Amino acid sequence: MAKKRLLLVDDEVELVEMIKFRLETSGYEVLTANDGQQALETARREKPDLIILDVMLPKMDGYKVCNLLKKDTRYANIPIMMFTAKAMDADMKLGQEVSADAYLTKPFEPKVLLEKIKELVKD
């Protein structure tokens with residue numbers, strides 16, 4: 001069975017490396033991007049099975065990236081998990097408005113992240 005490909009997007013390089021390592025040891029192939037523009041380009045080029053997307057990013061915020069992908073029929077079916085320190089109800093509501101499939105706040109429990117990924121990435 002082919003590994004599921006995840007796109008992990010965050011501008012905190014150390015966090016990306018830590019999460020990438022954990023996901024790879026759990027059997028996923030992990031692509032990374034460090035800003036919104038790079039995330040959008042990588043998602044369009046690679047069509048990952050899931051996108052884990054920070055909200056506060058350079059060049060383009062995660063809400064805009066999510067909205068652009070979800071409004072495009074070629075990418076609308078890719079599940080997107082917003083992954084952010086923004087934990088206010090208004091932030092979560094905005095995540096729903098741009099059609100994010102899940103919303104996970106930082107700091108996070110690695111086990112919870114893996115459970116959410118399993119929910120969103122169907123075999």
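T42 is buried in the predicted model, with a relative accessibility of 6% (buried denotes under 20% relative accessible area, exposed over 50% and partly exposed in between, with a 1.4 Å probe and protein chains only). The residue belongs to helix 2, residues 36–46 (helices are DSSP runs of H or I with at least four residues, strands are runs of E with at least two, and both are numbered from the N terminus). The side chain of T42 reaches the backbone oxygen of Q38 at 2.8 Å, a polar contact being a pair of N or O atoms within 3.5 Å; within protein, one must be able to donate a hydrogen and the other to accept it, and residues adjacent in sequence count only if both atoms are side-chain atoms. Apart from neighbours within four places in sequence, T42 is in contact with L7, L31 and K47 (contact: heavy atoms within 4.5 Å). K47 follows helix 2 and has a positive phi, near 45°.

Residues are numbered from 1 along each chain as its sequence is written, and side-chain values use heavy atoms, with hydrogens and water left out. Because the model is predicted, local features need pLDDT of at least 70 and side-chain atom pairs count only at pLDDT 80 or more, whereas totals for chains, interfaces and linings use all residues.

D35 lies in the loop between strand 2 (29–33) and helix 2 and is buried at a relative accessible area of 11%. At the start of helix 2, a side-chain oxygen of D35 comes to within 3.0 Å of the backbone nitrogen of Q37, and the side chain of D35 also reaches the backbone nitrogen of Q38, at 2.7 Å. Beyond four places in sequence, D35 is in contact with V9, L57, P58 and K59.

The buried residues of helix 2 are G36, A39, L40, T42 and A43. Their cover includes strand 1 (5–9), strand 2, strand 3 (50–53) and helix 3. Helix 2 packs against helix 3 (residues 62–70) at an angle of about 25°, with the axes 9 Å apart; axes are lines fitted to C-alpha atoms, for helices over the stretch in contact, and angles run from 0 to 180 degrees between N-to-C directions. The two helices are therefore roughly parallel (under 35 degrees; over 145 is roughly antiparallel, 65 to 115 roughly perpendicular and the rest oblique). The contact involves G36, A39, L40, A43 and R44 of helix 2 and V65, L68 and L69 of helix 3.
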